Structures are given as C-alpha cells and as structure tokens.
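Hi,

Here is the structure I said I would pass on. Have a look at it, and then read on for what turned up.

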Amino acid sequence: MEMKKLPAFLLAAAMAACQVDSYESGQGDYSLLTADFVELRTGGPCAVSSAVTDGGDSLVLVPAVTLDWALRPDTVYRAILYYDRSGGPQVRARSIVEVPVVRPAAAAGVDSVLTDPVDLESVWVSAGGKYINMGLYMMVGEGGPEGARHTVGLVCDSVEVGEAGRRTAHLRLFHDQGGVPEYYSSKVYVSAPCASVGADSAVLRVETYDGLAVRPLRLSEQ
C-alpha cells in the first residue's frame with residue numbers, strides 16, 4: 001500500500017507557490033515567470049539539471065539546483081517548476097515545489113480507508129496522459145500533537161469491465177487528517193501515474209466539506 005505523509009512545510013510551500021502562480025499583472029519579480037508541472041531528474045550528485053514538462057518540453061536548468069527533498073541520484077521526481085525563460089531550452093529555476101506521487105492500493109489490502117474531508121479544487125489528466133493531477137485544499141494549523149501530519153493516497157474499490165473490454169477503475173481519495181488542527185486551508189497538488197491505475201478510464205470519489213465529489217476521468221484515447 002502506498003500512502004504519502006505530507007509534512008507541514010510541504011503544505012506551506014505549496015500554498016506560497018500558488019500565490020506566485022496567480023500573479024499575472026505588472027512587472028514585478030514574478031510577473032514573467034512560467035509555471036509547469038514537470039518531471040525532474042537528479043544527476044550523480046543529486047543536483048537537478050533537467051526537467052520535462054507535461055507538455056513534452058525538455059528544459060535545462062542553469063545553474064543546476066539541489067533540493068532537500070530530492071536526495072536520490074539518477075531518480076525522477078514530480079514537481080511544479082517556476083522559471084524564467086528567455087528562449088531555447090535553458091531556463092533559470094526560481095522555485096520548485098514537490099508534488100507527492102501516489103499509486104492506487106486495492107481496497108481489500110487497506111485495513112481502514114480513511115476519508116477525512118478536503119476541499120477539491122480541480123482534477124485533470126495531464127497533457128500527454130501520463131498523470132492524474134489533483135489540486136486539494138487541506139485544513140492545517142499549529143498546536144497539534146507532535147508528529148501530526150496529513151496522509152494521502154488512492155484506493156481502488158473495483159475495476160469494471162465494459163464493452164470491448166474497456167476497464168473503468170473506481171477510485172477513492174484516502175485522507176487521514178492525522179491530528180493536524182483545522183484552523184486554515186493550505187493548497188497541495190498530488191499526482192498519480194495513469195499507468196498505475198491499470199484502466200482506460202476512472203471514476204474518482206473525494207469526500208469534501210460540501211459532500212461527496214465524483215469526477216470521471218478518461219485515461220486512454222482509444
């Protein structure tokens with residue numbers, strides 16, 4: 001079973017990055033930034049020097065950067081990259097925010113499927129069809145028990161086989177509030193590889209503060 005624990009610093013960083021992303025007017029330091037969901041690859045010394053956007057563009061980070069959450073060499077990490085681009089593949093990274101990657105676990109293998117509510121902003125399949133992306137607002141705050149943190153994941157309840165053998169996976173968002181106080185909301189993005197779902201389409205169910213949200217997703221163009 002793969003679930004991701006989200007420490008407070010990750011939620012705070014995601015919220016701050018979204019504020020940068022929404023800045024569209026004027027000529028400030030961040031007004032000309034480009035923001036993309038990417039796959040980063042670390043080199044031998046764990047420095048990140050290259051990225052591939054969901055749209056398929058290959059970028060070269062100059063200078064290369066090191067990240068305190070990307071600690072394995074020759075490894076691909078999921079992230080949101082904010083960068084300056086003056087033309088060509090070379091870019092200057094201004095901010096890089098980790099995006100947790102989860103893969104569905106069979107419901108039968110999960111002792112207790114927790115569905116503490118979140119606010120669901122958006123769900124979409126990335127350009128190129130490689131990832132399901134979710135934009136979530138989670139309630140956070142200080143003063144909780146030591147080690148309190150959110151845990152998120154995906155649970156597959158069933159796979160329905162329809163006409164011509166097309167498969168539809170029925171997914172639920174697993175969310176454990178984990179003792180984190182609920183004082184204010186913070187935004188985080190989560191991705192799931194479409195290949196890990198093992199289906200042509202999916203129906204995602206998310207428990208929100210406004211009730212159950214259901215989102216159909218097409219994972220295959222065939």
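Asp157 is partly exposed, with a relative accessible area of 36%; "partly exposed" falls between buried (under 20% relative accessible area) and exposed (over 50%), using a 1.4 Å probe and protein chains only. Before going further, bear in mind that this is a predicted model: local features need pLDDT of at least 70, side-chain atom pairs count only at pLDDT 80 or more, and totals for chains, interfaces and linings use all residues. Residues are numbered from 1 along each chain as its sequence is written, and side-chain values use heavy atoms, with hydrogens and water left out.

Back to Asp157. What does Arg172 form with Asp157? A salt bridge, with the closest N and O atoms 2.7 Å apart; the term stands for a side-chain nitrogen of Lys or Arg within 4 Å of a carboxyl oxygen of Asp or Glu. The two residues are 15 apart in the chain, Arg172 in strand β11 (residues 167–176) and Asp157 in strand β10 (residues 150–161). Strands here (E, at least two residues), like helices (H or I, at least four), are DSSP runs numbered from the N terminus. Arg172 is partly exposed too, at 26% relative accessibility.

β10 and β11 pair in the antiparallel sense over 10 bridges, where pairing takes at least two bridges found by DSSP between the strands. Leu154 stands opposite Leu173 in β11. The hairpin of β10 and β11 has 5 residues between the strands, and Ala164 takes a positive phi near 60° there. Is β11 largely enclosed or open? It is largely enclosed by the rest of the structure, because 7 of its 10 residues are buried.

Now for the other salt bridges. The count comes to 5 by the rule above. One of them joins the side chains of Arg94 and Asp84, at 2.8 Å from N to O. This pair links distant parts of the chain, 10 residues apart: Arg94 is in strand β6 (residues 90–98) and Asp84 in strand β5 (residues 76–85). Arg94 is partly exposed at 30%, and Asp84 counts as partly exposed at 21% relative accessibility.

Another salt bridge is formed by Glu121 with Lys187, where the closest N and O atoms are 2.6 Å apart. Glu121 lies in strand β8 (residues 119–125) and Lys187 in strand β12 (residues 184–193), so the pair ties together parts that are 66 residues apart in sequence. Glu121 is partly exposed at 41% relative accessibility, whereas Lys187 is buried, with a relative accessible area of 7%.

Then there are the rings. How many aromatic pairs does a search of the whole structure find? There are 4, counting rings of Phe, Tyr and Trp (its six-membered ring) with centres within 6.5 Å; planes under 30 degrees apart are stacked, over 60 edge-to-face, and the rest tilted. Phe37 and Trp124 are edge-to-face, because their ring centres are 5.6 Å apart and their planes are at 80°. They link distant parts of the chain, with Phe37 in strand β2 (residues 34–42) and Trp124 in strand β8, 87 residues apart. Phe37 is buried at 15%, while Trp124 is partly exposed at 28%.

Phe37 also pairs with Tyr189: the centres are 5.2 Å apart and the planes at 90°, so this pair is edge-to-face as well. Since Phe37 lies in strand β2 and Tyr189 in strand β12, the pair ties together parts 152 residues apart in sequence. Tyr189 is buried, with a relative accessible area of 12%. Phe37, Trp124 and Tyr189 form one aromatic cluster.

Leu81 touches several residues beyond four places away in sequence, including Thr34, Val38, Leu61 and Ile96; contact means heavy atoms within 4.5 Å. Leu81 and Thr34 are 47 residues apart in sequence, yet 8.0 Å apart in space, C-alpha to C-alpha.

Cheers
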